[in-house]
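Please keep the sequence and the model at hand while reading.

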Amino acid sequence: MTTFDVVNPATEQVVATIEQAGLAETDAAIARAATTYESWRAVAPADRARLLRAFAAGVDAHVEELARLEVANSGHTISNARWEAGNVRDVLTYYSAAPERLFGRQIPVAGGVDVTFKEPLGVVGVVVPWNFPMPIAGWGFAPALAAGNTVVLKPAELTPLTAIRLGELALEAGLPEGVLTVLPGKGSVVGERFVTHPAVRKVVFTGSTEVGQRVMRGCADQVKRVTLELGGKSANIVFADADLEWAAATAPYGVFDNAGQDCCARSRILVERSAYERFMTLLEPAVRGVRVEDPGLDSAEMGPLISRGQWEAVASYLPDEAPVAFRGQCPDGPGFWFPPTVLAPVSPEDRAVREEIFGPVVVVLPFDDEADAVRIANDTPYGLSGSIWTQNLGRALRVARGVETGNLSVNSHSSVRYATPFGGFKQSGLGRELGPDALDSFTEVKNVFISTEG
Ligand code: NAD
């Protein structure tokens, strides 16, 4: 087995050394998950629900431990990390209601009775990125397990610690061995095997668009089901009739949360031209006020980037001649710190305007009217998230319907609620997670006709 040193991005100290699964361990885990599937799907719905609630209670009892682990592994602020652990608990609780409510239909037909069943798929492979290790794991495994599937889950190489702990908590809660297996390892080995192994019936992939495309191509060989949650370049659209103070005060948090390593980051701020100067005047103190500090402090609003490699990738968007309008502060010394940075004026063709930076860098662009705002917002291959700031309700709805993106918020930057669907348009993904419909992604509809004649 190979090992991997997990590094604290705020200190650059090694916090753990993790054994990585190879091909043989992955195949063995998939084989065990396939065997366990036969018994897990047969567990009575109320018992499966009880086990998921016990798992949720176990997570709840360990929120602080999980959150501290995430601070050390990922550099997330402690307040974010507590929310993330709580989100796993809430998603488990939400889907624990599903086993007893996985209804089929009775459809009127001649000569008999026709009923549909929602059957589980089998083994589901979940591939998780490094930016939100806990929530993204939970969004995959909770509905998958509730629907009667077993799960093999691969955390990102850089951030395996909380996923490993969640796997232990599942066992402690009474989930049988093989129901949820966490396999730290390389994407090119473990993740790729989820794609090629015929016993894995579905892959849930969250990560970059490039790797997502590869996963989708690979899954095509077996017509394997796939859900993809990929990149984003979302717009925060601010109209002149908005509460500009509020819009400017919150804009930094809509993009710099998690140091901008958020697929939903509103990394393009579009401002109506007549309000542009005023908005920039208000935005500057808001950006300078973002508290970038030791993520373990309750007061921290932003931590470091995840790795040296990510720091270099983000820095590549800021050559010497970059049009930096203003920047916030960040600590010196060890750690992959990067200050919140605002770029303006920019041209629509600039790399920083077109590409997902995945760091605390935002561009600001003016627009002329509603149609122009929608045109610029849609001028990207992505379509994941976005915000609209206006006090005109009709305009808010018109623009919300016009923007090609999966998750929009009006006068707010929220994207994720466990009870509502989440996912992308265009190259931001395929399928939806969370909410009532996610169960459809983990089941097949079976139709059965029973003759009443003879
Ligand atoms: P990544 O694509 O490099 O890696 C994601 C995961 O895929 C990792 O676990 C990696 O080990 C694995 N992987 C790598 N090669 C693989 C292969 N050939 N087969 C199967 N798995 C493989 O992405 P990342 O850098 O970890 O994450 C950042 C990206 O994730 C960003 O683009 C971000 O926008 C996206 N993201 C999207 C969402 C969403 O919900 N849409 C959420 C979070 C992150």
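## Polar contacts

A polar contact is a pair of N or O atoms within 3.5 Å; within protein, one must be able to donate a hydrogen and the other to accept it, and residues adjacent in sequence count only if both atoms are side-chain atoms. A nitrogen atom of the ligand has a polar side-chain atom of Glu 192 at 2.8 Å. Backbone atoms take part too: an N or O atom of the Gly 207 backbone lies 3.1 Å from an oxygen atom of the ligand, and a polar backbone atom of Gly 187 is 3.4 Å from a ligand oxygen atom. The ligand taken alone exposes 860 Å², of which the protein buries 89% (accessible areas by the Shrake-Rupley method with a 1.4 Å probe).

The model is predicted, with local features needing pLDDT of at least 70 and side-chain atom pairs counting only at pLDDT 80 or more, while totals for chains, interfaces and linings use all residues. Residues are numbered from 1 along each chain as its sequence is written, and side-chain values use heavy atoms, with hydrogens and water left out.

## The surrounding shell

Around the ligand there are 28 residues (a residue is near a molecule if one of its heavy atoms lies within 4 Å of it), and those that come nearest are Val 128, Glu 157, Ser 208, Leu 230 and Glu 356. Domain 1 (2–230 + 426–451) and domain 2 (235–410) each give at least three residues to this shell, the bounds coming from an automatic or database domain assignment.

## Two backbone features

Between Ala 344 and Pro 345 the peptide bond is cis, with omega near -5°. Phe 358, a residue other than glycine, has a positive phi near 60°.
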